[in-house]
Amino acid sequence: LTRTEIETQVLAALAFASEQDASAVDLGADFESLGLDSVGRVELLARVEDAFETHVPPDDAIHLSCGRDVVRYLARRLT
């Protein structure tokens, strides 16, 4: 997987979880500013896990606060 492919999938998951158009979502915006509460974050991570066929342990997920964090995390784990 390339970083661009990871970014595209994470952006799509963020757009879905925040109920926004992908073009309106900034990967650098923190989850709270995108309107994601704890349920939205769980939904986001579930979509990411499904898309990449991986598991994000809770101890790792707690440190992810924006889409860019998720991209970096996945890039380290999957490449």
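Where is Asp69 found? Asp69 lies in helix H4. The model discussed here is a predicted one. With a relative accessibility of 16%, Asp69 counts as buried, because buried means under 20%. Apart from neighbours within four places in sequence, Asp69 is in contact with His63 and Leu64.

**Helix packing**

Helix H4 covers residues 67-78, and its axis comes within 9 Å of the axis of H1, with a crossing angle of roughly 140°. H1 and H4 are therefore oblique to each other. The crossing of H1 past H4 is right-handed. On the H1 side, the residues that meet H4 are Arg3, Ile6, Glu7, Val10 and Leu14. Their partners in H4 are Gly67, Val70, Val71, Arg72, Leu74 and Ala75. By residue type, this contact of H1 with H4 holds seven nonpolar, one polar and three charged residues.

H1 also packs against H2, at an angle of about 145° and with the axes 9 Å apart. H1 passes H2 in a right-handed crossing. From H1, the contact takes in Ile6, Gln9, Val10, Ala13, Leu14, Phe16 and Ala17. From H2 come Gly40, Glu43, Leu44, Arg47, Val48, Ala51 and Phe52. The residues in the contact of H1 with H2 divide into 10 nonpolar, two polar and two charged.

**The nonpolar core**

Which residues touch the most other members of the largest nonpolar core? They are Val10, Leu14, Leu44 and Leu74, in a core of 24 residues. H1, H2 and H4 are the elements that give two or more residues to this core. The most come from H1, which gives six residues.

Leu74 is listed in the contact of H1 with H4. Not counting residues up to four places away in sequence, Leu74 touches Ile6, Val10, Val48, Phe52, Thr54 and Thr79. Among these, Ile6 and Val10 belong to H1, and Val48 and Phe52 belong to H2.

Thr54, another contact of Leu74, is placed in the loop between H2 and H3. Is Thr54 buried or exposed? At 18% relative accessibility, Thr54 counts as buried, because the limit for buried is under 20%. With neighbours within four places in sequence left aside, Thr54 is in contact with Glu49, Leu74, Arg77 and Leu78.

Most residues other than glycine have a negative phi. Glu19 has a positive phi, near 55°, and Glu53 also has a positive value, near 50°. Glu19 is in the loop between helix H1 (3-18) and helix H2 (38-52). Glu53 is in the loop between H2 and helix H3 (58-61), and Thr54 is in the loop between H2 and H3 as well.

| Residue | Phi | Relative accessible area |
|---|---|---|
| Glu19 | near 55° | 74% |
| Glu53 | near 50° | 76% |

Glu19 counts as exposed because its relative accessible area of 74% is over 50%. Glu53, at 76%, is exposed by the same cut-off, which is over 50%. In the loop between H2 and H3, then, Glu53 is exposed, whereas Thr54 is buried.

Key:
Residues numbered from 1 in each chain as written. Predicted model: local features only at pLDDT ≥ 70, side-chain atom pairs only at ≥ 80, totals over all residues. Heavy atoms only, no water. Helix = DSSP H or I, 4+ residues; strand = E, 2+ residues; numbered from the N terminus. Buried < 20%, exposed > 50% of the residue type's maximum accessible area, 1.4 Å probe, protein only. Axes fitted to C-alpha atoms, helices over the stretch in contact; angles between N-to-C directions. Parallel < 35°, antiparallel > 145°, perpendicular 65-115°, else oblique. Left-handed = near helix turned anticlockwise from the far one by under 90°. Contact = heavy atoms within 4.5 Å. Nonpolar A, V, L, I, M, F, W, Y, C, P; charged D, E, K, R; others polar. Core = buried A, V, L, I, M, F, W, Y, C linked by side-chain atoms within 4.5 Å.
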